[in-house]
Amino acid sequence: MGGVGFTEALATWVSELSLDSIPADAIEVARQCLLDWIGVTLAGSQEPAARIALETQLDEASGLLGVTVVGTPSLLPASAAALVNGTASHALDYDDANGAMFGHPTVPVLGALLPLAESRRATGAELLVAFVAGYEVECRVAVAMSDAHYRRGYHATGTVGTLGAAAACARLLELGVERTAIALGLAATQASGLKAMFGTMAKPLHAGKAAANGLLAARLAAHGFSAAGDAVEAAQGLALTLGGSFDADRGLRKLGERWYVRSNLFKYHAACYETHSTIEALRGLSTEHGFRSDDIERVVIHANDLQLGMCAIETPVTGLESKFSLRHVAALALTGADTAAIDCFADDRVAVPAIVALRERVEVVSGGPPSGGTPVTVHLFDGRVFHASHDSHVPAVDLDGQYERLRDKAERLAAPVIGTAATASLLDMVASVDEITDVGDLMIQTRVER
């Protein structure tokens, strides 16, 4: 883009983005991201991590009223609500993913954007445009940085997610190019999140902090705060400091033509996304060949380097850890457990004797392909050996079918928190979110009675 720097190029694109410039299918996926976020956040609002985050923010709010804390009767200032809602949305690790980002794109963006939109009485159409802006920015920053950032040990949801949150809020605030670039700079200097925290409450806190810090960045920029306008690409900026690799051309390629939101991946198993290919492959073999768990002598999972560094906890002792254990999810899949149910990964399910017994016969080895499916091999006591590979990283083509599947998921997650009738009304509103004149009307539906 001429002599324009990377951060400024993104800021320019964000500032000029309009609903008319976004393809209809990208808007539909954005609606589905909101639908999925509502479900996982309502369910996650009941988790200890979300409860503790709420208590700490209520302590500091000193009775001030504000905007919705999803799944609760509480109101908080927007930045505090962003932290709590962002944490809740990732507490179950059941939210969507994108391979380009190496993380979870929706939770930091909507975690920041919805409190701001509610406080400003923004329209649903404005919400969708700002969401797409934030989504695309975080993916493009991640693509420019490559996987070096993630492999170094940073959790992209917490790092580049902060920039996505800031971009979304900057778009909603209509900051213009210069102030949006500054917002991205303020987000970059706050970006953090360590993969060492996977399997603990700190992982969803990454999403909460990304949301809160992104919102803060945009608000500071709106009030005239200063920051470097080239924070991503600068010699000691985000990319080279946290990643060691940066390619601006790669990150900006086909900007405005290629939409990363189209490649969003939704979860239908309540565990780390890098375990899903294993679950599907093993479940497919069991269905096709009709063997039972007690027929299995051993299972071999051929994991790639990314999986080995993300979800290879050998012997999980908590429900959170079990979401990041290929051995454990393999045992769940082969014993017929409902991995779509959040209680499948509760603390008291980790030590179920039948699961543990089969888990001990599962081996995770290196050498899996860097992309595509995860190869699995099942050896039976009768000597038969079965092989399979399933690739869960292929975006859906049938968006109508995807919507129905996501609505069913959201209903299962939301109804226990707000009730069946309220859930149906809320999800109907989400389906036509671009027609809503005040996002606050939507957020009120996510509250519960005291």
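Trainee: Okay, which residues in α6 meet α8?

Mentor: Keep in mind that this is a predicted model. On the α6 side you have E126, L127, V129, A130, A133, G134, V137, E138, V141, A142 and M145. Their counterparts in α8 are V160, G161, L163, G164, A167, A168, R171 and L172.

Trainee: And by class, what does that contact have?

Mentor: The contact of α6 with α8 has 13 nonpolar residues, plus three polar and three charged.

Trainee: At what angle do α6 and α8 pack, and how far apart are the axes?

Mentor: The angle is about 145°, and the axes are 7 Å apart. For reference, α6 covers residues 124–145 and α8 covers residues 160–173.

Trainee: Is the crossing of α6 and α8 left-handed or right-handed?

Mentor: Right-handed.

Trainee: Switching to strands. What's the order in the open sheet of four?

Mentor: Reading across, β4-β3-β5-β6, and the pairing is mixed. β4 (362–365) and β6 (385–390) are the edge strands, each pairing on one side only. From one strand to the next, the twist averages 20°.

Trainee: Mixed how? Which way do β3 and β4 run, parallel or antiparallel?

Mentor: Parallel, with four bridges joining β3 to β4. On the other hand, β3 (residues 296–302) pairs with β5 (residues 374–380) in the antiparallel sense, over five bridges. β5 and β6 are antiparallel too, over six bridges.

Trainee: What stands opposite V300?

Mentor: V300 faces T377 in β5, and in β4 the residue opposite V300 is E363.

Trainee: And what's the bridge partner of V378 in β6?

Mentor: That's F386.

Trainee: How many residues sit between the strands in the hairpin of β5 and β6?

Mentor: Four, and in that hairpin G383 takes a positive phi near 100°.

Trainee: How do the lining residues of the largest pocket divide by class?

Mentor: There are 12 nonpolar, 13 polar and seven charged residues in the lining.

Note on methods:
Residues are numbered from 1 along each chain as its sequence is written. This is a predicted model: local features need pLDDT of at least 70, side-chain atom pairs count only at pLDDT 80 or more; totals for chains, interfaces and linings use all residues. Side-chain values use heavy atoms; hydrogens and water are left out. Ala, Val, Leu, Ile, Met, Phe, Trp, Tyr, Cys and Pro count as nonpolar, Asp, Glu, Lys and Arg as charged, and the others, Gly among them, as polar. Axes are lines fitted to C-alpha atoms, for helices over the stretch in contact, and angles run from 0 to 180 degrees between N-to-C directions. Helices (H or I, at least four residues) and strands (E, at least two) are DSSP runs, numbered from the N terminus. A crossing is left-handed if the near helix is turned anticlockwise from the far one by less than a right angle, and right-handed if clockwise. Contact means heavy atoms within 4.5 Å. Two strands pair if DSSP finds at least two bridges between them.
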